[in-house]
Amino acid sequence: MTDRQKTRPRPNPRRAFAPSYGTILQEGVRRRTVLKGFIAAMGAAVFAPALEATKAEAAESTLTFPELKRVRDTADHWPDGYERQILIRWGDALFADSPEFDVAKLNGKAAERQFGYNNDFTQFLPLPWGEKSSDHGLMVVSHEYATPFLMFPGLTVDNYREKLTEDQIRAVMAAVGVSVFEVRKDGNQWQVVKNGKYNRRIHMSTEIGISGPAAGDDRLKTKADPTGTVVFGTISNCNGGITPWGTMLSGEEGAMDVFAGDYKKLPNQELVERQGWDEDENDIYSVSRVEPRFKFEEEPNEWMRFDWVVEIDPFDPTAKPVKRTSLGRMTHEGAQCCVAPDGRVVVFMGDDDDFEYIYRFVTRDPWNPGDRAANKDLLDHGTLSVAKFESDGTMRWIPLVAGEGPLTAEAGFKTQADVVLATRAAADLVGATPMDGPEGFIPHLGTGKLYVAMTENEDRLPKGQGDDEKEQVNVANPRGPNPHGHLLELVTPGGPDKPDYAAESFKWDVFVLCGNPAKPEDQAMFHPATTSAGWFTDPDNLAVDPAGRLWVTTDGPPPEGIADSVYVMDTEGPGRALPKLIYIAPVGSETCSPTFTSDGSSVFLSVQHPGELRMADNEDATSMEDAGTSWPDFKPGVPARPSLVVLTRSKNGVVGS
Ligand code: FEO
Ligand code: CA
Ligand code: CA
């Protein structure tokens, strides 16, 4: 389970942090140009000896936990001196009357009363709201997607669409969406409070409002909703965020996968194509068999009613969730909220696809800290912008406003509804910087900086290659191809005391380039003292703990025989960009969304899609029977179950320290 802590060199306080690409980049244009050349020309002879030379003099970070050894295993791993608890698994009871989990008897009614599948976004909100309790709170969790052939026995990837029963399809529809539930720590054990008054499930049949510029638009009207203001369900709930008034923002990421039929018969098929249509990856739940609205031929507008940001009030189980169309339509990864010095709320969002963009929404009005209800419709008014990175180390937020710049009526952007319904096309026109799959976005409240994760982009081309300049390397995405991803650091004006998240322009830098530092061809850039267990690839979600350390979860294991994992690092000081491996997930899992109690004594983590890869060859599992693991139950006939885990220090210390 654990690894012995290595003896680390003592820090030398007089020695400056060994330069990495990040510090080189901070020196400005001249060095930036040098770096561009360096990356292009870099090979084994240049990089490896430099790494070895600096390792010996390594500075030390603030992290003292014993780093894990790399493993790829059917089980999960955590450090010595930590306790790991499974808080809740797919199918576990959320209510006093929830039926026992039994895959053989699963149906929609049962699944609506249970924790959903593939938990992704996870946030601990202390109870009561506004307090700093570290042993009692609400857990707000999204369930991104379901994989029916790994959930039910006897199905395979090739036959499940035909073989799923109606009960199973309904169970899948109820197993995605969002779970809200109360948790309490008794002694050292966290418990789900099954009769918690806020406990709630939201899923593919929940009634949800539509607000903002596209509400009521003809393109959002359906037979079931002639007003274009009410939709049944939320899908593909990936990561998200929490507003200052305590509502959850859930990013719908890739809802098109659930639709069936021939989109080429639609009047606006180019929008489907720009949003992303995968010939092999659609109708993934066979849901159109039980709800025809998910078939283009039956309901030509239903698909436009997904891939938005949904606002959910976890403190009011009767409140109808609302899709806030002002935040644009894309494959929303998350929606991280910050407050500008003048009180306006700023939501940062990645559009998680290759060559897609980074967005920001700034509310028109300041939020009202004294009256929660006054913020109810705050997100309906404001400005959506997209990021353009410049080679001088600045970045600009370009507004996407109908009638401004190239977004003219002639170009198809007569109203703001036209802009939000075709957000990607609007961003194309204003010349935004195409990124390598932007996912996690996190503000560091102690420094006023922000970190953004680009997971990877195998299709990125070197300069001068291909027909489309958009696909070539650019300043903020400097490797082509980029199979391992990278992290950017955005610096707001105003400094740590008054960070202006709403400013028109930020500074930016490369924080780390992921990959194996021992393989020159990876062109990795971490702190030179990074151990053979500490580097990572495919960064996805980011979090900052109460002590200000950056946590990175990964989605896409590197070829070196490693499962997806969780890493922690300092962002300032001698341990800047020096990650350490703190948690290893079971084979085939993605780790998501670390969230902390206010005292830092517990970190909750989502373990999504355990067993999705086979143990034998790390290829996609094709059935429950050949899934890579049956974690965490390891019982015959019981499938692997996505779960929420909690890590605590055995002696109530701060996790990650
Ligand atoms: Fe749900 Fe972009 O990962
Ligand atoms: Ca993600
Ligand atoms: Ca991902």
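Which residues have the most contacts inside the largest nonpolar core? In this predicted model, local features require a pLDDT of at least 70 and side-chain atom pairs a pLDDT of 80 or more, whereas totals for chains, interfaces and linings use all residues. Residues are numbered from 1 along each chain as its sequence is written, chains are lettered from A and ligands numbered from 1 in the order in which they are written, and side-chain values use heavy atoms, without hydrogens and water.

The residues in question are Y285, V347 and L400, within a core of 93 residues. A nonpolar core is here a set of buried Ala, Val, Leu, Ile, Met, Phe, Trp, Tyr and Cys residues joined through side-chain atoms within 4.5 Å; buried denotes under 20% relative accessible area, exposed over 50%, and partly exposed the range in between, for a 1.4 Å probe and protein chains only. Helix α7 (residues 166-175) gives the most to this core, namely six residues. Contact being defined as heavy atoms within 4.5 Å, Y285 touches E144, Y145, A146, P148, L164, I169, V172, V176, M204 and V258, neighbours within four places in sequence being left aside. A further core of 26 residues lies apart from the one described; among its members are C338, F348, F441 and A502. In soluble globular proteins, nonpolar side chains tend to be buried together.

The secondary structure comprises ten helices and 30 strands, assigned as DSSP runs (helices H or I, at least four residues; strands E, at least two) and numbered from the N terminus. The protein is as compact as a globular protein of 657 residues, because its radius of gyration of 24 Å is close to the 26 Å given by the globule rule. That radius is taken over C-alpha atoms, and the rule is 2.2 Å times the number of residues to the power 0.38. Along the principal axes, the C-alpha atoms fill a box of roughly 70 × 60 × 55 Å. Buried residues make up 61% of the 657. Of the contacts with a separation of 6 or more, 66% involve residues 24 or more positions apart.

Helix α7 is largely enclosed by the rest of the structure, since seven of its ten residues are buried. These are Q168, I169, A171, V172, M173, A174 and A175. The buried residues of α7 pack against α4 (108-111), β3 (136-143), α5 (148-151), α6 (160-163), β4 (177-186) and β6. Just after the helix, G177 adopts a positive phi of about 115°.

Several loops carry backbone features of note. Most residues other than glycine have a negative phi, and most peptide bonds are trans. A cis peptide bond with omega of about -10° joins L127 and P128, the latter placed in the loop between β2 (119-126) and β3. Another cis bond, with omega of about -5°, links W631 and P632. Both P632 and F634 lie in the loop between β29 (602-608) and β30 (643-649). F634, although not a glycine, has a positive phi of about 50° and is partly exposed at 42% relative accessibility. S236, also not a glycine, shows a positive phi of about 55° in the loop between β8 (230-232) and β9 (237-242); this serine is buried, with a relative accessible area of 4%. N195, in the loop between β5 (189-193) and β6 (200-202), is exposed at 63% relative accessibility.
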